Amino acid sequence: MESSILTIALAGNPNSGKTTIFNNLTGTRQKVGNWPGVTVEKKEGTIHRHGYALKIVDLPGTYSLTPFSIEEIVARDFILDESPDVVIDIIDASNLERSLYLATQLRELDCRLLFALNMADVARERGIKIDADKLSELLDLPVVFTVGNRNEGIDGLLESAIALAESDVEIPRRRRVKYSKDIEVAIAEIRERLVGGATGELPYNPRWIAIKLLENDTVVRERAAAAMGQGAGALMDLVDRHRATLRDLYDDDPEIIMTDERYGFIAGIVREAVTTSTTHRRVDISRNIDLVLTNRLLGLPVFIFFIWAMFQLTFSLGAYPMAWIESGIGLLSGGLTRALPQGLFRDFLMDGLIAGVGSVIVFLPNILILFFCIALFEDTGYMARAAFLMDKIMHLIGLHGKSFIPMLMGFGCNVPAVMAARTLESERDRILTILITPFMSCSAKLPVYIILAGTFFGAQAGSVIFGIYLMGIALSILTGRLFRSTLLKGEEAPFVMELPPYRAPMLKSLMIHMWDRSKMFLKKMTGVILVGSVVVWGLSAFPRNIDYSVDYEGRIAFIREAYEASAAEASAGQRREALQAEMDRRVDEVRQARDMERAEKSYMGRLGKFMAPVFHPLGIDWRGSVALLTGFAAKEIVVSTLGILHAAGQGSEALQAALGESGMTRLSALSMMLFVLLYMPCLATVSAIRRETGSTRWMLFSIGYSTALAWGVAFAVYQGGRLLGLA
Amino acid sequence: MTRAAETEAAAAGAPAVPKRLSELRESQRGRVTRVGGEGVLRRRILEMGIVKGAEIYVEKYAPLKDPLELIVKGYHVSLRVSEASQIMVEPIP
């Protein structure tokens with residue numbers, strides 16, 4: 001028999017242990033996605049208990065249901081529109097008073113509500129004793145004790161939830177917050193008008209709508225107006241009149257008074273249901289840890305050490321599995337080379353598919369380690385301290401302290417960096433961070449600087465490269481300030497941030513965290529990357545039949561014949577070897593010339609030549625243009641393309657020599673390095689931006705802005721330098 | 001009012017003169033008399049339990065002097081100095 005489905009929503013404050021309980025309930029059977037239309041993570045999982053299929057939905061952690069943040073809107077709309085059978089409010093027992101604020105708001109929504117008093121053990125240690133029966137009686141709802149991180153009380157919680165869903169008792173209407181008389185009068189009047197005047201069915205319970213209208217909740221105002229049809233205008237007049245009267249009466253906005261009164265109501269409950277023993281010896285481990293970690297002198301050095309350690313782990317430790325993956329891909333393509341006949345299909349498979357996907361999959365170890373570290377920071381509570389320490393600096397760019405970590409990661413690789421921006425709660429901060437992170441020069445750009453600076457700046461190469469990095473940082477700050485005052489303008493999100501007690505991380509939760517995010521990387525990236533790499537490959541590999549200006553094969557054959565002839569004459573073994581080496585060198589030269597012509601005449605080469613006029617004012621020739629275009633697949637490729645186009649053969653020294661003779665100057669090298677620093681991020685980053693902003697438009701904007709900035713800066717430097725007579 | 005006058009007033013048992021929260025130093029206590037500010041910020045501060053009458057303890061300032069860490073209703077919360085300056089408190093000796 002098909003079991004019937006019950007939907008259970010988990011609500012609660014951030015850091016209330018909600019995620020731990022969710023993980024314990026659903027284990028690995030959870031689905032992580034996004035809420036429709038927004039980039040807030042949505043987690044759900046279905047489990048089977050007591051003859052029901054229980055669909056558990058983890059709502060975003062919020063302190064309130066005022067629709068000021070996306071998380072709050074998402075949580076509220078889910079409860080209102082999807083009407084889950086039961087809502088479990090997970091309450092941090094050691095933080096009861098503040099947790100009850102959300103609880104009173106949930107109570108007003110008239111859903112079937114159940115309290116899970118979590119971490120009661122911590123509360124007890126702090127000398128806080130909660131009378132659950134009293135609390136249950138005062139608020140007229142079931143209360144269950146749980147200890148999430150020890151998986152205690154979880155079964156009881158589910159049983160109570162099912163019992164509540166099965167019970168057909170009317171949702172209790174008493175035991176809600178009762179506001180002062182004047183406010184209650186206003187609520188009653190608006191409520192009556194709503195019930196009497198609605199043309200259609202009212203979307204939600206009328207008392208709640210009335211309360212929200214008095215609080216000037218814009219979302220509810222719109223929806224109520226829609227439901228009222230003709231009577232909307234009169235209703236809003238009534239609401240505005242009451243708001244004005246109340247404002248006169250209390251000398252403050254009604255929403256503020258109502259917040260105050262909710263806390264008053266909560267204070268009453270806490271007085272009755274909670275006893276705090278003052279004699280209890282308070283050893284607050286968290287405060288002791290913070291004596292060091294947010295210490296005036298030690299805080300920042302320790303933070304820098306942690307970040308350094310994370311960087312080391314991600315990029316140094318990650319280098320080993322990266323090498324294994326690379327050699328695995330090497331083995332695979334080696335095997336395929338032998339197994340498959342030479343031809344288009346093999347080239348497509350090897351140079352297009354495997355090379356393209358391979359170039360992304362090598363990042364997987366980095367990403368796993370990085371997300372493990374970030375999960376560790378988040379789960380222990382250190383992330384909030386990091387934001388606390390760095391906020392002053394980041395606020396100068398108009399960003400939140402938490403933006404520091406993604407921006408720093410950008411120096412390693414922009415893909416995990418963009419994904420690390422997930423830790424920011426405000427969407428505006430997240431987008432701004434994502435837009436400026438690519439200016440943190442990633443490690444893949446370094447080989448390009450090394451070749452160019454090494455060739456043209458000799459002993460000053462190090463300083464020049466350092467200058468390029470600084471330029472990236474400076475432009476990210478300028479961009480941050482520019483966007484904050486234009487595109488992403490608006491009231492700055494309040495910083496107000498809880499510093500939760502430190503908690504020992506749980507391996508299971510760390511693993512789930514890490515894996516969820518990495519899986520998303522794998523799934524979503526591969527699609528875009530696959531297509532992108534095939535396109536880049538196709539442009540470089542076609543047309544197949546190039547009309548070579550020189551008969552290269554003939555030349556190679558000629559050199560070989562000449563060798564055979566002279567080898568026959570040469571008697572001594574040593575002389576033969578010298579001849580053999582000479583022949584190899586000449587054959588390589590011809591092959592390089594052929595590869596160069598092939599690259600030049602491929603679609604990519606033609607595109608490069610077509611684009612050359614755009615790059616000309618920057619002092620970049622057509623070879624540079626082609627190299628920059630191929631750099632879209634991955635920045636390292638800029639170097640290898642330059643190598644092919646300058647027919648430089650293997651090794652960076654050969655390329656440096658060729659570049660030195662190519663007519664490039666110090667100024668044009670500088671211009672090209674700046675262009676590489678700033679222009680559009682690589683394919684993998686671009687798809688990460690698409691994914692994390694949830695919008696193709698932001699992705700296109702990022703590409704457009706960075707490329708325009710790159711062109712502008714390179715133009716200014718090159719032309720400015722020429723005017724000053726530098727070359 | 002000078003510091004001396006303030007101490008005198010406190011000693012005389014008169015209610016302490018309200019100050020901005022950002023004027024309190026580390027390890028000082030205060031009782032909220034008024035939460036100012038605009039829109040979202042003000043609402044947010046109130047929702048986090050920093051309401052009129054709440055007792056606040058200034059735990060510490062960040063190494064760069066901004067933001068600051070407070071203890072209110074038994075939990076730790078941090079505010080920027082600019083945000084804290086909107087909150088008026090009556091110092092508790």
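Reader: What makes 40% of the 93 residues in chain B count as buried?

Author: A residue is buried if 20 or more other C-beta atoms, placed from the backbone, lie within 10 Å of its own, exposed if 12 or fewer, and partly exposed in between. In chain B, 40% of the 93 residues are buried, in what is a predicted model, where local features need pLDDT of at least 70, side-chain atom pairs count only at pLDDT 80 or more, and totals for chains, interfaces and linings use all residues. Residues are numbered from 1 along each chain as its sequence is written, and chains are lettered from A and ligands numbered from 1 in the order in which they are written.

Reader: How do you know which helices and strands chain B has?

Author: Helices (H or I, at least four residues) and strands (E, at least two) are DSSP runs, numbered from the N terminus. Chain B has three helices and six strands, in the order α-β-β-α-β-β-β-α-β.

Reader: Why are β10(A) and β5 of chain B called paired?

Author: Two strands pair if DSSP finds at least two bridges between them. Two bridges join β10(A) to β5 (residues 75-79) of chain B, so these antiparallel strands pair. In β5(B), B:S78 stands opposite A:M497.

Reader: What makes residues of chain A and chain B part of the contact?

Author: Two residues are in contact if their C-beta atoms, placed from the backbone, lie within 7 Å. The contact takes 29 residues from chain A and 28 residues from chain B. Elements giving two or more residues to the chain A side include α3 (96-108) and β10 (497-498).
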